[in-house]
Amino acid sequence: MDSDVLTVREVAAYLKIKEKTAYRLAAEGKIPGFKVGGSWRFRQRDIENWIETQSSGIEPDKNER
């Protein structure tokens with residue numbers, strides 16, 4: 001269960017981007033994430049689904065989040 005939720009550092013490493021970019025994308029709502037206190041967290045399955053939609057060019061349904 002612990003590995004299901006990723007930190008900014010972990011999601012940045014997973015996506016091979018800089019942490020600063022991960023913060024910006026999360027704040028802009030461009031990658032799926034949520035805040036716990038003041039810290040961003042990401043469900044790995046949401047990130048994987050996001051990658052699939054980005055790869056396929058399909059717009060995600062906002063009601064499915």
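## Helix packing

Helices H1 and H3 pack with their axes 12 Å apart, at an angle of about 30 degrees. Axes are lines fitted to C-alpha atoms over the stretch in contact, and angles run from 0 to 180 degrees between N-to-C directions. H1 and H3 are therefore roughly parallel to each other (angles under 35 degrees). In H1, Val11, Tyr14 and Leu15 meet Gln44, Ile47, Glu48, Trp50 and Ile51 of H3, contact meaning heavy atoms within 4.5 Å.

## Basis of the model

This is a predicted model, in which local features need pLDDT of at least 70 and side-chain atom pairs count only at pLDDT 80 or more, while totals for chains, interfaces and linings use all residues. Residues are numbered from 1 along each chain as its sequence is written, and side-chain values use heavy atoms, leaving out hydrogens and water. Helices (H or I, at least four residues) and strands (E, at least two) are DSSP runs, numbered from the N terminus.

## Sheet

An open sheet of three antiparallel strands has the order E1-E3-E2; strands pair if DSSP finds at least two bridges between them. E1 (5–6) and E2 (34–36) are the edge strands, each with a single partner, so one side of each lacks a neighbour in the sheet. Helix H3 (residues 44–56) packs on the sheet and touches E1 and E3.

How values were computed:
Angles under 35 degrees count as roughly parallel, over 145 as roughly antiparallel, 65 to 115 as roughly perpendicular and the rest as oblique.
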